[in-house]
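Please keep the sequence at hand while reading the numbered points.

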Amino acid sequence: MPATFELKTNDDNQYFFHFLNGKGELILMSADYGNKDEALEAIKEVRTGSLMSQQIAAGKVPEGDTFFVIKDTKGDIIVKSALYSSAMVFDNALHTVKDNACVAEIVDLTA
């Protein structure tokens, strides 16, 4: 199974998306968007940002786990990754995004 973006709605009828690797594991999570077009535009920005090192930033939570974010061209965070306790798993997740987000299919689960 290839990596995918899953577009969904929450209980408040807001749109959000997840990026899953080829095994179906959650890699990236978006914020909530008021409409579908905004969410689809954010996916487009993630696709572009995943290819631009200056739009990707890593961080660490106080407990020690690491994560990364992808920002838009204005510097606003579009998505954040899951938390990783292993540097190897973190690196694999980041490479999965860099290698696959630009071509990942969008699976629309909002209908």
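1. Leaving aside neighbours within four places in sequence, Q55 is in contact (heavy atoms within 4.5 Å) with G49, V69, I70, K71, D72 and T73. The model is predicted: local features need pLDDT of at least 70, side-chain atom pairs count only at pLDDT 80 or more, and totals for chains, interfaces and linings use all residues. Residues are numbered from 1 along each chain as its sequence is written, and side-chain values use heavy atoms, with hydrogens and water left out.

2. Q55 is placed in the loop between α1 (36-49) and β4 (56-60). Here helices are DSSP runs of H or I with at least four residues and strands are runs of E with at least two, numbered from the N terminus.

3. Is Q55 buried or exposed? Q55 counts as buried because its relative accessibility is 8%; buried means under 20% relative accessible area, exposed over 50%, and partly exposed in between (1.4 Å probe, protein chains only).

4. The side chain of Q55 also reaches the backbone oxygen of K71, at 2.7 Å.

5. Turning to the whole chain, 2 helices and 7 strands make up its secondary structure. Along the sequence they follow the pattern β-β-β-α-β-β-β-α-β.

6. Of the 111 residues of the chain, 38% count as buried. Among contacts between residues at least 6 apart in sequence, 45% join residues at least 24 apart.

7. The C-alpha atoms of the chain fill a box of roughly 35 × 35 × 25 Å, taken along the principal axes.

How values were computed:
A polar contact is a pair of N or O atoms within 3.5 Å; within protein, one must be able to donate a hydrogen and the other to accept it, and residues adjacent in sequence count only if both atoms are side-chain atoms.
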